[in-house]
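Here is a short briefing for a first look at this model. Keep the structure in view while reading.

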Amino acid sequence: MIKPIITYAQTYRLLLRSWRPEDLPLFAAMNKDKRVMKYFPAPLTDHETEMFFQRIQDEFENNSWGLYAVELKESGTFIGYVGLHEIGFEADFTPGIEIGWRLAADYHNRGYATEAAQKVIQLAKSYGIKRLFSFTAKINKPSERVMQKIRMEKTGEFDHPKLNTDSPLCRHVLYSINLQDA
């Protein structure tokens, strides 16, 4: 059965929608791009992307929210994702829900992540979510800047439990936003 495409929200330039099967090859290419994956341990293989794609679908089935596919309204081009995700590791701030983003390199530095994330915060409030977290490797200044632009507050730093302590990506910044105050 083919599922209908659901548009969850839109901004001036973007649609936040459910995923289409034809997004998968574009998503896989994005996850192999070293520019996109610069602040991750390694680019993803096609199989890893397919598993991630399935986890995204499962999260929508279980929660009615997740990592939304983002497309440009003007052209219909898939450019990545922005959305909500259950944090998948144990830390002193988990369990919790993360707001996160990953866009194709050609769409970096255009304000798309910030624009979409602001809309996702509104969606999270409408779902009754009370607090969101976001985190990234301490050296990922572009992503940290998005967190600041969407009015999240830095609440600390931590060593990511899924990374080796000698990795330059291990130390992470942690931001959060209380949606009751937003």
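A residue counts as buried under 20% relative accessible area, as exposed over 50%, and as partly exposed in between. By that cut-off N109, at 80% relative accessibility, is exposed. The model is predicted.

**The α1–α2 pair**

- Helix α1 spans residues 23–32, and helix α2 spans residues 46–63. Their axes come within 9 Å of each other and cross at roughly 120°.
- That angle makes α1 oblique to α2. The crossing of α1 past α2 is right-handed.
- On the α1 side, the contact is made by L24, F27, A28, N31 and K32. On the α2 side, D46, T49, E50, F52, F53 and I56 take part.
- What kinds of residues make up the contact of α1 with α2? Six are nonpolar, two are polar and three are charged.

**F27, a buried residue of α1**

- F27 sits in helix α1. Its relative accessibility is 0%, so F27 counts as buried.
- Which residues touch F27, leaving aside neighbours within four places in sequence? They are W19, T49, F52, F53, I56, F78 and Y81.
- Among these, T49, F52, F53 and I56 also belong to the α2 side of the helix contact.
- F27 and L163 lie 136 residues apart in sequence. In space, their C-alpha atoms are 23 Å apart.

- Is H47 buried or exposed? H47, which is found in helix α2, has a relative accessible area of 52% and is therefore exposed.
- H47 and G100 are 53 residues apart in sequence. Their C-alpha atoms are 21 Å apart in space.
- Q57 also lies in helix α2. At 18% relative accessibility, Q57 counts as buried, because the cut-off is under 20%.
- Q57 and L67 are 10 residues apart along the chain. A distance of 8.8 Å separates their C-alpha atoms.

**The buried face of α4**

- Helix α4 covers residues 141–149. Its residues S143, E144, V146 and M147 are buried.
- Where do these buried residues point? Seen down the axis of α4, they fall within an arc of 150°, so they line one face of the helix.
- An α-helix has 3.6 residues a turn, so residues three or four places apart point the same way.

**Backbone exceptions in loops**

- Most residues other than glycine have a negative phi, and most peptide bonds are trans.
- T94 and P95 are joined by a cis peptide bond, with omega about 0°. P95 is in the loop between β4 (78–86) and β5.
- N109 is not a glycine, yet its phi is positive, at about 60°. N109 belongs to the loop between β5 and α3.
- R151 is not a glycine either, and its phi is about 70°. R151 is in the loop between α4 and β7.
- How exposed is R151? Its relative accessibility is 71%, so R151 counts as exposed.

Technical notes: Residues are numbered from 1 along each chain as its sequence is written. This is a predicted model: local features need pLDDT of at least 70, side-chain atom pairs count only at pLDDT 80 or more; totals for chains, interfaces and linings use all residues. Side-chain values use heavy atoms; hydrogens and water are left out. Axes are lines fitted to C-alpha atoms, for helices over the stretch in contact, and angles run from 0 to 180 degrees between N-to-C directions. Helices (H or I, at least four residues) and strands (E, at least two) are DSSP runs, numbered from the N terminus. Angles under 35 degrees count as roughly parallel, over 145 as roughly antiparallel, 65 to 115 as roughly perpendicular and the rest as oblique. A crossing is left-handed if the near helix is turned anticlockwise from the far one by less than a right angle, and right-handed if clockwise. Contact means heavy atoms within 4.5 Å. Ala, Val, Leu, Ile, Met, Phe, Trp, Tyr, Cys and Pro count as nonpolar, Asp, Glu, Lys and Arg as charged, and the others, Gly among them, as polar. Buried means under 20% relative accessible area, exposed over 50%, partly exposed in between (1.4 Å probe, protein chains only). The arc is that of the directions from the helix axis to the C-beta atoms.
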